[in-house]
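Reader: I would like to go through some of the terms used for this model. Please set each value against its cut-off.

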Amino acid sequence: MIKKNGEYHSYSPYVDEMDVWFSFADEYRILSPNSYPTRFLSKPFKSKDIRSYHIPFIAFNSFLMALKSVLVLPYILFQMIRGMLWANHIHFRSPGNVTLIGSIVQILFPLKKKSVKYAGNWDPSSNQPVSYRMQQAIFRNTFLSNNIKVLVYGEWDNETKNIVPFMSATYYDSEKLPFKKRDFTDKLKFVFTGAMVVGKRPKLTVKIVESLIKKGFNAELHMFGDGNLIDEVKQYVIDNELTDTIHIYGNRDKGTIKNCLADAHFSILPSKSEGWPKAIAEGMFFGAIPISTRISCLPWILDNGNRGILIGAALDEATRTIEEELNKGNDYLNVMSEKALNWAQQYTLNRLESEIEKVVKDG
């Protein structure tokens, strides 16, 4: 959390959700680093009466950074204990280095009401960093983590009683649009919304649409988002003479993206890892058929291919899968589109607010 012009700013999706949590509290304080080494899409909190327990940024991805993090650990523990002593409800956003420390400290406060928003991939069978696994293990353990609800994306078998399926949202009930049939024999409109980073595979997205065009499909791709790969992706588009069909916009406001999704045929995100696939859910909300890799809770969201297209990470396989689905025709694809819309429109900001209120008030 960073202070700019007298206001606290943080990562935009986090701000949107925390403003909802704050609306059910009389006072609220945030413990977080006050500086970050990388750029991210930020916005100010609507909530203005925030008090902060500032701590240094920590990481363990290099020897010097790990050494610095160990040296400041006593101060972080001091600030964390101060915050937990003050609060009557402790909320964590996980996974993260600070939350790993917090997951251990919260054991000392078994009578405090607590909640965890696990924003990453909860899939027990997935390959994840050891620190993530540690946080999952501690929060899953009902002896170590007492009086706590762990909000996770998707439904998973054989979980402990404190693990609660939880969905995020972007749009209100008032923003729902009725299902509108699309013509899948016309120009196909693909939309990518996500960070232009390795984990989201933006270059693979471009190559998939390029491959479909080479196979004779009339298609275009609209890409929203920023990141360290954006220049590389732009150069690939130029080098391969795709500027008439691949449009890269960088970061844009919610309204612009919403307008683009409203008549899109597909929302595509072949990422390596996801918690809540916000971009996919946003497209589904307007009937854009989701195309994603088989990771995290995405097979559950896409009902194993009944309301979306699950692809592999290899270009040839991904293109072949999409081509096979396209060849099934207009009626088939419109049924899939309507199923996607009906599922996504269950999860609105109105429902999110109601679910958060239950967690805050019921404990």
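Reader: Why is Lys358 called partly exposed?

Author: This is a predicted model. Lys358 has a relative accessible area of 42%. Buried means under 20% and exposed means over 50%, so Lys358 falls in between and counts as partly exposed.

Reader: What makes Glu355 and Lys358 a salt bridge?

Author: The closest N and O atoms of Glu355 and Lys358 are 3.6 Å apart. The cut-off is 4 Å, so the pair counts as a salt bridge. Glu355 and Lys358 are 3 residues apart in helix H12, about one helical turn. Glu355 is partly exposed, at 28%.

Reader: Why is Glu282 called buried?

Author: Its relative accessible area is 6%, and buried means under 20%, so Glu282 is buried. The side chain of Glu282 meets that of Lys278 in a salt bridge, at 2.7 Å from N to O. Lys278, at 36%, is partly exposed. Glu282 is also one of the residues lining the largest cavity, which has a volume of about 90 Å³.

Reader: What makes Asp263 and Lys189 a link between distant parts of the chain?

Author: The two are 74 residues apart, with Asp263 in the loop between helix H7 and strand E13, and Lys189 in strand E10. Their side chains meet in a salt bridge of 2.7 Å, N to O. At 12%, Lys189 counts as buried, whereas Asp263, at 37%, is partly exposed.

Reader: How do you know that helix H3 is largely enclosed by the rest of the structure?

Author: Of the 9 residues of H3, 7 are buried, so the helix is largely enclosed. The buried residues pack against elements including strand E3 and helix H2.

Note on methods: Residues are numbered from 1 along each chain as its sequence is written. This is a predicted model: local features need pLDDT of at least 70, side-chain atom pairs count only at pLDDT 80 or more; totals for chains, interfaces and linings use all residues. Side-chain values use heavy atoms; hydrogens and water are left out. On a 1 Å grid over the protein atoms alone, a cavity is a set of points where a 1.4 Å probe fits but cannot get out, and a pocket is an open set with protein on both sides within 12 Å along at least five of seven lines; lining residues have an atom within 4 Å of a point. Grid points are joined across faces, edges and corners, and a volume is the space filled by probe spheres set on the points. Buried means under 20% relative accessible area, exposed over 50%, partly exposed in between (1.4 Å probe, protein chains only). Helices (H or I, at least four residues) and strands (E, at least two) are DSSP runs, numbered from the N terminus. Contact means heavy atoms within 4.5 Å.
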